[in-house]
Amino acid sequence: KQWYQRRVRGDGSGREVVLDVVVERKRLDDLAQSITGNRFVEQKLRLKSCGLSRRIYLIETKASYVSLPEASLNQAIVNTQVIDKFTIKRTEDLRETAGYLTILSRSLEAAYRHRTLRGVEAISDESEEDICLTFSAFAERSIKNRVFSVRETFLKQLARIPKISQEKAEAIVKVYPTPCALISAVHSSSDAIIADVKFGLSQRKIGIAASRSLAKFYMARHHT
(Lines give C-alpha, C1' and ligand atoms only; values in the text may rest on other atoms or scores of the structure.)
Protein backbone atom coordinates (compact mmCIF):
# COMPACT_ATOMS: atom_id res chain seq x y z
CA LYS A 1 0.00 0.00 0.00
CA GLN A 2 1.19 3.51 -0.85
CA TRP A 3 -0.04 7.03 -0.14
CA TYR A 4 -0.16 9.98 -2.55
CA GLN A 5 -0.49 13.75 -2.59
CA ARG A 6 -2.03 15.43 -5.61
CA ARG A 7 -1.04 18.99 -6.45
CA VAL A 8 -3.88 20.78 -8.24
CA ARG A 9 -3.21 23.75 -10.50
CA GLY A 10 -5.57 26.56 -11.28
CA ASP A 11 -6.79 24.86 -14.45
CA GLY A 12 -7.76 21.75 -12.51
CA SER A 13 -4.82 19.65 -13.70
CA GLY A 14 -2.36 18.17 -11.26
CA ARG A 15 0.51 15.84 -10.55
CA GLU A 16 0.64 13.03 -8.03
CA VAL A 17 3.63 12.41 -5.81
CA VAL A 18 4.16 9.34 -3.63
CA LEU A 19 4.69 9.82 0.09
CA ASP A 20 7.83 8.19 1.43
CA VAL A 21 6.08 5.13 2.94
CA VAL A 22 5.21 1.72 1.50
CA VAL A 23 3.54 -1.21 3.26
CA GLU A 24 3.83 -4.82 2.08
CA ARG A 25 1.12 -7.00 3.67
CA LYS A 26 1.55 -10.76 4.06
CA ARG A 27 -0.44 -13.41 5.85
CA LEU A 28 1.85 -15.83 7.65
CA ASP A 29 0.94 -18.67 5.26
CA ASP A 30 1.59 -16.37 2.25
CA LEU A 31 4.99 -15.50 3.70
CA ALA A 32 5.88 -19.18 4.05
CA GLN A 33 4.83 -19.89 0.46
CA SER A 34 6.82 -16.96 -0.91
CA ILE A 35 9.93 -18.21 0.90
CA THR A 36 9.60 -21.80 -0.32
CA GLY A 37 8.68 -20.59 -3.81
CA ASN A 38 11.74 -18.31 -4.02
CA ARG A 39 9.60 -15.17 -4.47
CA PHE A 40 10.57 -13.69 -1.10
CA VAL A 41 13.98 -12.35 -2.18
CA GLU A 42 12.66 -10.88 -5.43
CA GLN A 43 9.76 -9.17 -3.68
CA LYS A 44 12.07 -7.54 -1.15
CA LEU A 45 14.51 -6.45 -3.85
CA ARG A 46 11.66 -4.77 -5.69
CA LEU A 47 10.54 -2.96 -2.53
CA LYS A 48 14.10 -1.89 -1.69
CA SER A 49 14.54 -0.40 -5.14
CA CYS A 50 11.12 1.29 -5.41
CA GLY A 51 12.59 4.62 -4.25
CA LEU A 52 10.75 4.87 -0.90
CA SER A 53 12.85 4.78 2.27
CA ARG A 54 10.24 3.89 4.90
CA ARG A 55 9.42 0.27 4.09
CA ILE A 56 7.01 -1.57 6.39
CA TYR A 57 6.56 -5.35 6.24
CA LEU A 58 3.16 -6.11 7.78
CA ILE A 59 2.59 -9.73 8.79
CA GLU A 60 -0.82 -11.12 9.76
CA THR A 61 -0.06 -13.95 12.17
CA LYS A 62 -3.43 -15.71 12.17
CA ALA A 63 -3.26 -18.71 9.83
CA SER A 64 -4.80 -22.18 9.88
CA TYR A 65 -1.77 -23.88 8.29
CA VAL A 66 1.80 -22.72 7.70
CA SER A 67 4.15 -24.79 5.55
CA LEU A 68 7.41 -23.77 7.27
CA PRO A 69 8.65 -24.33 10.84
CA GLU A 70 8.16 -21.38 13.18
CA ALA A 71 11.93 -21.01 13.66
CA SER A 72 12.47 -20.63 9.89
CA LEU A 73 9.74 -18.01 9.61
CA ASN A 74 11.06 -16.07 12.59
CA GLN A 75 14.58 -16.10 11.12
CA ALA A 76 13.27 -14.76 7.80
CA ILE A 77 11.41 -11.99 9.63
CA VAL A 78 14.49 -11.05 11.68
CA ASN A 79 16.61 -10.95 8.50
CA THR A 80 14.05 -8.67 6.87
CA GLN A 81 14.28 -6.28 9.79
CA VAL A 82 18.01 -6.36 10.51
CA ILE A 83 19.59 -7.03 7.12
CA ASP A 84 17.06 -5.46 4.76
CA LYS A 85 16.21 -2.58 7.16
CA PHE A 86 12.43 -3.01 6.94
CA THR A 87 10.13 -2.04 9.79
CA ILE A 88 8.22 -5.14 10.95
CA LYS A 89 4.60 -4.77 12.03
CA ARG A 90 2.65 -7.81 13.26
CA THR A 91 -1.14 -7.91 13.35
CA GLU A 92 -3.44 -10.79 14.20
CA ASP A 93 -5.87 -10.60 11.28
CA LEU A 94 -7.33 -8.44 8.51
CA ARG A 95 -9.43 -6.43 10.95
CA GLU A 96 -6.40 -5.40 13.00
CA THR A 97 -4.51 -4.66 9.78
CA ALA A 98 -7.27 -2.33 8.63
CA GLY A 99 -7.15 -0.54 11.98
CA TYR A 100 -3.38 -0.09 11.74
CA LEU A 101 -3.55 1.23 8.17
CA THR A 102 -6.29 3.67 9.17
CA ILE A 103 -4.15 5.06 11.98
CA LEU A 104 -1.12 5.27 9.69
CA SER A 105 -3.16 7.06 7.01
CA ARG A 106 -4.41 9.64 9.52
CA SER A 107 -0.88 10.18 10.79
CA LEU A 108 0.42 10.79 7.27
CA GLU A 109 -2.48 13.09 6.48
CA ALA A 110 -1.70 15.18 9.55
CA ALA A 111 2.03 15.26 8.78
CA TYR A 112 1.66 16.30 5.12
CA ARG A 113 -1.56 18.34 5.13
CA HIS A 114 0.16 21.74 5.15
CA ARG A 115 3.29 20.76 3.22
CA THR A 116 3.76 21.37 -0.49
CA LEU A 117 5.70 18.50 -1.99
CA ARG A 118 7.74 18.70 -5.16
CA GLY A 119 7.81 15.64 -7.41
CA VAL A 120 11.11 14.38 -8.84
CA GLU A 121 12.15 11.34 -10.85
CA ALA A 122 14.87 10.22 -8.42
CA ILE A 123 15.79 10.92 -4.79
CA SER A 124 19.30 11.06 -3.38
CA ASP A 125 20.56 11.22 0.21
CA GLU A 126 21.08 14.96 -0.27
CA SER A 127 17.54 15.64 -1.48
CA GLU A 128 15.49 18.33 0.24
CA GLU A 129 12.95 17.37 2.88
CA ASP A 130 9.81 18.17 0.86
CA ILE A 131 10.82 16.22 -2.25
CA CYS A 132 8.98 13.00 -3.17
CA LEU A 133 8.94 10.65 -6.14
CA THR A 134 6.39 11.29 -8.84
CA PHE A 135 3.83 8.53 -9.24
CA SER A 136 5.19 7.70 -12.71
CA ALA A 137 8.75 7.31 -11.37
CA PHE A 138 7.54 5.09 -8.52
CA ALA A 139 5.46 2.95 -10.89
CA GLU A 140 8.41 2.46 -13.22
CA ARG A 141 10.65 1.36 -10.35
CA SER A 142 8.03 -1.04 -9.00
CA ILE A 143 7.03 -3.01 -12.09
CA LYS A 144 7.69 -6.74 -11.85
CA ASN A 145 9.44 -7.04 -15.19
CA ARG A 146 11.79 -4.09 -14.77
CA VAL A 147 15.49 -4.61 -15.48
CA PHE A 148 17.36 -5.51 -12.29
CA SER A 149 20.95 -4.46 -11.62
CA VAL A 150 23.74 -7.03 -11.88
CA ARG A 151 23.91 -7.28 -8.09
CA GLU A 152 20.15 -7.77 -7.74
CA THR A 153 20.08 -10.44 -10.43
CA PHE A 154 23.10 -12.16 -8.85
CA LEU A 155 21.39 -12.24 -5.44
CA LYS A 156 18.24 -13.71 -6.97
CA GLN A 157 20.26 -16.42 -8.70
CA LEU A 158 22.23 -17.33 -5.58
CA ALA A 159 19.10 -17.55 -3.43
CA ARG A 160 17.65 -20.16 -5.81
CA ILE A 161 20.56 -22.54 -5.30
CA PRO A 162 19.76 -25.37 -2.85
CA LYS A 163 21.13 -24.70 0.68
CA ILE A 164 21.78 -21.00 -0.12
CA SER A 165 19.46 -18.72 1.86
CA GLN A 166 19.06 -14.99 1.32
CA GLU A 167 21.43 -14.08 4.14
CA LYS A 168 24.02 -16.52 2.79
CA ALA A 169 23.61 -14.96 -0.67
CA GLU A 170 24.16 -11.48 0.83
CA ALA A 171 27.36 -12.67 2.49
CA ILE A 172 28.64 -14.30 -0.72
CA VAL A 173 28.06 -11.13 -2.74
CA LYS A 174 30.15 -9.14 -0.26
CA VAL A 175 33.12 -11.44 -0.98
CA TYR A 176 32.40 -12.05 -4.68
CA PRO A 177 30.47 -8.99 -5.94
CA THR A 178 29.88 -10.28 -9.48
CA PRO A 179 29.05 -13.66 -11.06
CA CYS A 180 32.34 -13.56 -12.98
CA ALA A 181 34.34 -13.18 -9.77
CA LEU A 182 32.56 -16.11 -8.15
CA ILE A 183 32.71 -18.37 -11.20
CA SER A 184 36.43 -17.67 -11.59
CA ALA A 185 36.99 -18.55 -7.94
CA VAL A 186 34.93 -21.74 -8.23
CA HIS A 187 36.95 -22.96 -11.21
CA SER A 188 40.31 -22.13 -9.65
CA SER A 189 39.63 -23.58 -6.19
CA SER A 190 37.96 -26.49 -4.43
CA ASP A 191 34.27 -26.98 -3.79
CA ALA A 192 34.87 -25.49 -0.32
CA ILE A 193 35.27 -22.05 -1.86
CA ILE A 194 32.64 -20.35 0.33
CA ALA A 195 32.58 -22.80 3.26
CA ASP A 196 34.35 -20.37 5.61
CA VAL A 197 32.37 -17.26 4.60
CA LYS A 198 30.40 -15.98 7.61
CA PHE A 199 26.78 -14.88 7.34
CA GLY A 200 23.91 -13.42 9.35
CA LEU A 201 23.80 -12.01 12.85
CA SER A 202 25.38 -15.10 14.39
CA GLN A 203 28.29 -14.96 11.92
CA ARG A 204 28.18 -18.71 11.41
CA LYS A 205 30.16 -20.20 8.55
CA ILE A 206 28.21 -21.11 5.41
CA GLY A 207 29.62 -24.62 5.60
CA ILE A 208 30.79 -27.29 3.22
CA ALA A 209 27.34 -28.62 2.20
CA ALA A 210 26.14 -25.25 0.91
CA SER A 211 29.52 -24.56 -0.66
CA ARG A 212 29.42 -27.85 -2.58
CA SER A 213 25.87 -27.10 -3.72
CA LEU A 214 26.99 -23.74 -5.10
CA ALA A 215 30.07 -25.21 -6.76
CA LYS A 216 27.96 -27.96 -8.36
CA PHE A 217 25.51 -25.37 -9.69
CA TYR A 218 28.15 -23.23 -11.38
CA MET A 219 30.23 -26.16 -12.64
CA ALA A 220 27.12 -27.68 -14.24
CA ARG A 221 26.26 -24.38 -15.96
CA HIS A 222 29.84 -24.09 -17.21
CA HIS A 223 29.73 -27.51 -18.85
CA THR A 224 26.29 -27.15 -20.50
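Lys163 sits in the loop that runs between helix 6 and helix 7. Its phi is positive, about 75°, although Lys163 is not a glycine. The model is a predicted one.

**Positive phi outside glycine**

- Lys163 counts as exposed because its relative accessibility is 54%, and the cut-off for exposed is over 50%.
- Lys85 also has a positive phi, near 65°, and is a residue other than glycine.
- The loop between helix 3 and strand 4 (87–91) holds Lys85.
- Lys85 has 60% relative accessibility, so it counts as exposed.

**Largest pocket**

- Five helices are named as suppliers of at least two lining residues each: helix 1 (28–36), helix 2 (40–48), helix 3 (70–82), helix 6 (150–159) and helix 7 (166–175).
- By class, the lining has eight polar, seven nonpolar and five charged residues.

**Salt bridges**

- Side chains of opposite charge can pair when their charged atoms come close.
- Glu60 pairs with Arg25 in a salt bridge, with 2.6 Å between the closest N and O atoms.
- This pair links distant parts of the chain, 35 residues apart: Glu60 belongs to strand 3 (residues 54–60) and Arg25 to strand 2 (residues 14–27).
- Glu60 is buried because its relative accessible area is 3%, where buried means under 20%.
- Arg25 has 39% relative accessibility, so it counts as partly exposed.
- Arg113 and Glu109 form a salt bridge through their side chains, at 3.9 Å from N to O.
- Glu109 has a relative accessibility of 47% and therefore counts as partly exposed.
- Asp191 and Arg212 form a salt bridge as well, at 3.5 Å from N to O.
- Here too the pair links distant parts of the chain, 21 residues apart: Asp191 is in the loop between helix 8 (179–188) and strand 7 (198–199), and Arg212 is in helix 9 (residues 208–222).
- Asp191 is partly exposed at 35% relative accessible area, and Arg212 is partly exposed at 48% relative accessibility.

How values were computed: Residues numbered from 1 in each chain as written. Predicted model: local features only at pLDDT ≥ 70, side-chain atom pairs only at ≥ 80, totals over all residues. Heavy atoms only, no water. Helix = DSSP H or I, 4+ residues; strand = E, 2+ residues; numbered from the N terminus. Nonpolar A, V, L, I, M, F, W, Y, C, P; charged D, E, K, R; others polar. Buried < 20%, exposed > 50% of the residue type's maximum accessible area, 1.4 Å probe, protein only. Salt bridge = Lys/Arg side-chain N within 4 Å of Asp/Glu carboxyl O.
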